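User: I have a new structure to look at. Can you walk me through it?

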Amino acid sequence: MGIEITSWDPEKLVGTMPVEGNRQPYGLLHGGASAVLAETLGSVAAAMHAAPERIALGLELACTHHRAGRAGLVTGVCMPLHRGKTTATFEIVISDEDGHRLCTAKLTCILRERPPGDPK
């Protein structure tokens, strides 16, 4: 997928992904690739919130695709909407290099205690 996280701030996690290699048959950025970028960023943000006592597991992902990515890098910006003890929800906005919004996603993760014997 080529995802690279470029900023690890708990208030704003940012990552990029190339369009090349993540296209659907019509040559456009695959919507599933946008979903993978969104879930990756949201899951990392949820794990940062949950650690070290708990782990984050994806519960629900919703994506709205506004326009097609065609080339270059897309950037996802993940911002918290809710960070509680048992759930965390994040909005992830994916844009192209010109700043056009391609996708808006919302990820909710459930936060669980670490399984016994799980390394921290």
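Analyst: Here is a short tour, starting with how the model was made. This is a predicted model, where local features need pLDDT of at least 70 and side-chain atom pairs count only at pLDDT 80 or more, while totals for chains, interfaces and linings use all residues. Residues are numbered from 1 along each chain as its sequence is written, and side-chain values use heavy atoms, with hydrogens and water left out.

User: How much of the protein is buried?
Analyst: Buried residues, those under 20% relative accessible area with a 1.4 Å probe and protein chains only, make up 35% of the 120 residues.

User: Which residues touch the most other members of the largest nonpolar core?
Analyst: Among its 24 residues, they are Leu29, Leu41, Val74, Cys78, Phe90, Ile92 and Ile94. Such a core is a set of buried Ala, Val, Leu, Ile, Met, Phe, Trp, Tyr and Cys residues joined through side-chain atoms within 4.5 Å. The largest share, 7 residues, comes from α1.

User: Take Cys78. What is in contact with it, leaving aside neighbours within four places in sequence?
Analyst: Cys78 is in contact (heavy atoms within 4.5 Å) with residues including Leu13, Leu41, Ala45, Phe90 and Ile92.

Notes. Buried < 20%, exposed > 50% of the residue type's maximum accessible area, 1.4 Å probe, protein only. Helix = DSSP H or I, 4+ residues; strand = E, 2+ residues; numbered from the N terminus.
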